[in-house]
Amino acid sequence: MELDSQIFESLGYCFFLLLLAIVFRKFPPKKINGLYGYRTATSMKSQEIWEAANKYWTSLFIKVCAFNFLFPVIGYFTFPKYIVLVTVIATTITLLLTIPFTEMFLKKNFDKNGKRI
């Protein structure tokens, strides 16, 4: 695969994820559901937690997606033949890190029963 093609695919992937994050922010899930939104056992305890979790996670998701645009550039200079792979792996790791950060936010702001602290 050509270098130019890889860099555009990597940037396109990052752009797609950022667009997805913006869609989540623009159209947050209204009610607790098992299909759409930030869904964990903690976030689904109450409507108040659900709304707070989705708002926090979406904000974090957008920031992480903006940061992820660095990965194609890093891949270009470090592993030019594997820019897409570097981008996908690094992006996946950073997106997975949003889960523990969101759970820490919820733990800090809500008790075990779903009441705001």
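Buried means a relative accessible area under 20%, exposed means over 50%, and partly exposed lies in between, with a 1.4 Å probe and protein chains only.

Some ground rules. This is a predicted model, in which local features need pLDDT of at least 70 and side-chain atom pairs count only at pLDDT 80 or more, while totals for chains, interfaces and linings use all residues. Residues are numbered from 1 along each chain as its sequence is written, and side-chain values use heavy atoms, with hydrogens and water left out.

The overall picture, then. The chain has five helices and zero strands. Helices here are DSSP runs of H or I with at least four residues, strands are runs of E with at least two, and both are numbered from the N terminus. The C-alpha trace spans about 55 × 25 × 20 Å along its principal axes. Of the 117 residues, 36% count as buried. The accessible surface is about 7,600 Å², and carbon and sulfur atoms hold 71% of that; the areas come from the Shrake-Rupley method with a 1.4 Å probe, and for residues only the protein chains shown count as cover.

Contact, for this talk, means heavy atoms within 4.5 Å. Among contacts in the chain with a separation of 6 or more, 61% are between residues 24 or more positions apart.

The buried residues of α1 are Q6, I7, S10, C14, L17, L18, A21 and F24, and they pack against α2, α3 and α4.

In the loop between α1 and α2 sits T40. Is T40 buried or exposed? T40 counts as buried, because its relative accessibility is 18%. Its C-alpha is separated by 14 Å from that of P29, eleven residues away along the chain.

Next, α3. Its buried residues are F71, P72 and G75. Seen down the helix axis they fall within an arc of 100 degrees, so they line one face of α3. The arc is taken from the directions from the helix axis to the C-beta atoms. These buried residues of α3 pack against α1, α2 and α4.

That leaves α4, residues 83-96. This helix has 14 residues and a reach of 20 Å from first C-alpha to last, close to the 20 Å expected. Its buried residues are I83, V86, T87, A90, T91, T94 and L95. Why are they on the same side of α4? Because they cover an arc of only 145 degrees around the axis. They pack against α1 (3-26), α2 (47-67), α3 (70-78) and α5 (98-109).

Leaving out residues up to four places away in sequence, V84 touches Q6, E9 and S10. V84 and P72 are twelve residues apart in sequence, and their C-alpha atoms are 7.2 Å apart.

L96 and F61 lie 35 residues apart in sequence and 9.9 Å apart in space, C-alpha to C-alpha.

Definitions and conventions. Expected span 1.5 Å × (residues − 1).
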